[in-house]
Protein chains: 2
Amino acid sequence: MRASDLAYESLRDDILNWRIAPGTALSETELALRLGVSRTPLRAALARLALEGLVDTSRGRTGVVPDVSVESIAQQFEVREALELQAVRLAARRRDPAVFAELADSFAHAGETLESGATEAYYALVARFDAALDDAVANPAMRSALESVRVHLVRARRLARDNPQRLVQTAAEHRLICEAVRDGDAELAASATAVHLRGSLTTITATLRQRAADETTPGPDRPTQEGA
Amino acid sequence: MRASDLAYESLRDDILNWRIAPGTALSETELALRLGVSRTPLRAALARLALEGLVDTSRGRTGVVPDVSVESIAQQFEVREALELQAVRLAARRRDPAVFAELADSFAHAGETLESGATEAYYALVARFDAALDDAVANPAMRSALESVRVHLVRARRLARDNPQRLVQTAAEHRLICEAVRDGDAELAASATAVHLRGSLTTITATLRQRAADETTPGPDRPTQEGA
DNA sequence: TTGCCCTCTTCTGTATACAGAACTCCGAGA
DNA sequence: TCTCGGAGTTCTGTATACAGAAGAGGGCAA
């Protein structure tokens, strides 16, 4: 493992899991010291993160972790909608029916999984679905475009994570998508995906607004930065 | 201007304009020497290009300029179609009608411009259209996604450049798109864009196949690399 | 007391030196 | 003649030193 990769993955993980708060200045010297690498590989890591949009270098000299606003999420979803709809259409044409039949079946039984509290297992299933979709599309450019937009939404999803009702609903939506892809029905798959994405956006937006309200209500002078 | 930016722009320009042939190994030491910068900023430039997909670092240690194949172009177009269709739909909803009315008018007169041989002026008009679209969409995420996919097609377009008939046709297609956006007709704009993209892909594909035939026919042992 | 300017500190951008790894080329053996 | 192995070379990955610039803080003047 290269030092630059280590720094990249470590920082990326910290940002995605909110261990580094939005607005935090990312000093090269400090981070290099903390991660135990020199500034050279750390610079490479920061550059990668900046190109992925996980670090904002536009204003000022030093990079900062961008905020997750309702607006930015909505914008990401406009891109995501375009790509995911195209992806499922293509997948419906090129898929191996057996793969998506199996996935549809798994999502059909996901309700039980979720009721037993195994949310991690469910997220693994969703990851398996994403991977199957990527495989079916068989387009590296589409894969990397989807990858870059999905990364951004991981941070938002971390916030909305504790919402079991929504998860049960997404299982049903995913099942519908899988069945449509299995049957080669591109337009139905696209419609089901559009429904799914709209629902996800609504949930995330509501969670964000709720969180913003929670943060401002208790006390107007409470520190919002560096919140653990 | 930073040395890393200089190296980046210089290399990017070289790759997009085919001054560096596909398959060419990009040695850090050699490039640093040629561009008159040290390896540190050059590494940063190579990293940026790699993340944009203009340099392939996946196989082997040293980066190479990826080939422009019919397959890769078709894959890029699948992504581009998804993004551009979404973009024009959003633009049709959010646009300033006057801007696209003016552009429609410009495209209506582009035929004369092209007949006088001013292809550069026409490309500038297309760039103006792209910029107006980006402005109307008003979505930074969409803008950067479009940017990254457009970059890849610049190399392909360089090959198809000398095709005046196709250019006249694209002017008409662009005019149609502008008029639909001007009128706020999202679906018509999307359809017109789909038509336009399909035509462009067909032309580029035909050019690529023609070029491949030209290269193999004259002599089987002719050097295909390092062609000036 | 407030605003401006100067100085100092700190950070980034760049160059270079060094270590480890991979590729290449040459030679020996089958 | 082909294949395998080893030495040499070259390249990348990393660390560190240095210069320039941006920002912060304090002091002085209005």
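This is a predicted model: local features need pLDDT of at least 70, side-chain atom pairs count only at pLDDT 80 or more; totals for chains, interfaces and linings use all residues.

Q: Over which stretch is a helix axis fitted, and between which directions do the angles run?
A: An axis here is a line fitted to C-alpha atoms. Angles run from 0 to 180 degrees between N-to-C directions.

Q: Are α8(A) and α4(B) parallel, perpendicular or oblique to each other?
A: Angles under 35 degrees count as roughly parallel, and roughly perpendicular takes 65 to 115.

Q: Which residues of α4(B) make the contact with α8(A)?
A: On the α8(A) side you'll find A:Pro140, A:Ala141, A:Met142 and A:Ala145. By class, this contact has five nonpolar, two polar and one charged residue. The α4(B) side is made up of B:Gln75, B:Gln76, B:Glu78 and B:Val79.

Q: Which helix supplies the largest share of the side of chain B that touches chain A?
A: Chain B brings 19 residues to the contact, and chain A brings 19 residues as well. On the chain B side, α3, α4 (70-94) and α8 (140-160) each give at least two residues. That side splits by class into twelve nonpolar, four polar and three charged residues. With ten residues, the largest share comes from α4(B).

Q: What kind of axis relates chain B to chain A?
A: Chain B superposes on chain A by a rotation of 180°, with 0.0 Å of shift along the axis and an RMSD of 0.0 Å. That is the relation of a two-fold axis.

Q: In chain B, which residue has the C-alpha nearest the axis?
A: Both copies use the same surface, with 100% of the contact residues of chain B recurring in chain A. As for the axis, the nearest C-alpha in chain B lies 2.6 Å from it. That C-alpha belongs to B:Ala82.

Q: Which helix gives the largest share of the surface near DNA strand D?
A: DNA strand D is surrounded by 16 residues, and the closest are A:Arg2, A:Ala3, A:Ser38, A:Thr40 and B:Glu28. At least two residues each come from α1 (3-16) and α3 (39-52) of chain A and from α2 (28-35) of chain B. By class, this surface has three nonpolar, eight polar and five charged residues. The largest share, three residues, comes from α3(A).

Q: Which helix gives the largest share of the surface near DNA strand C?
A: Around DNA strand C there are 16 residues, the closest being A:Glu28, B:Arg2, B:Ala3, B:Ser38 and B:Thr40. Here α2 (28-35) of chain A joins α1 (3-16) and α3 (39-52) of chain B, each with at least two residues. The largest share, three residues, is from α3(B).

Q: Is α2(A) roughly parallel or roughly perpendicular to α3(A)?
A: Five residues of α2(A), A:Glu28, A:Thr29, A:Leu31, A:Ala32 and A:Leu35, meet A:Arg39, A:Leu42, A:Arg43 and A:Leu46 in α3(A). The two helices pack at about 110°, with their axes 9 Å apart. That makes α2(A) and α3(A) roughly perpendicular.

Q: Over which residues of chain A is the pLDDT below 50?
A: The mean pLDDT of chain A is 89, with 94% of its residues at 70 or more. One stretch falls below 50, and beyond near neighbours in sequence it has five contacts in the model. That stretch is residues 219-228.

Methods
Residues are numbered from 1 along each chain as its sequence is written. Chains are lettered from A and ligands numbered from 1 in the order in which they are written. A residue is near a molecule or strand if its C-beta atom, placed from the backbone, lies within 6 Å of it. Helices (H or I, at least four residues) and strands (E, at least two) are DSSP runs, numbered from the N terminus. Ala, Val, Leu, Ile, Met, Phe, Trp, Tyr, Cys and Pro count as nonpolar, Asp, Glu, Lys and Arg as charged, and the others, Gly among them, as polar. pLDDT is the predictor's confidence in each residue, from 0 to 100. Two residues are in contact if their C-beta atoms, placed from the backbone, lie within 7 Å. Copies are superposed by least squares on the C-alpha atoms of residues with pLDDT of at least 70 in both. Angles under 35 degrees count as roughly parallel, over 145 as roughly antiparallel, 65 to 115 as roughly perpendicular and the rest as oblique.
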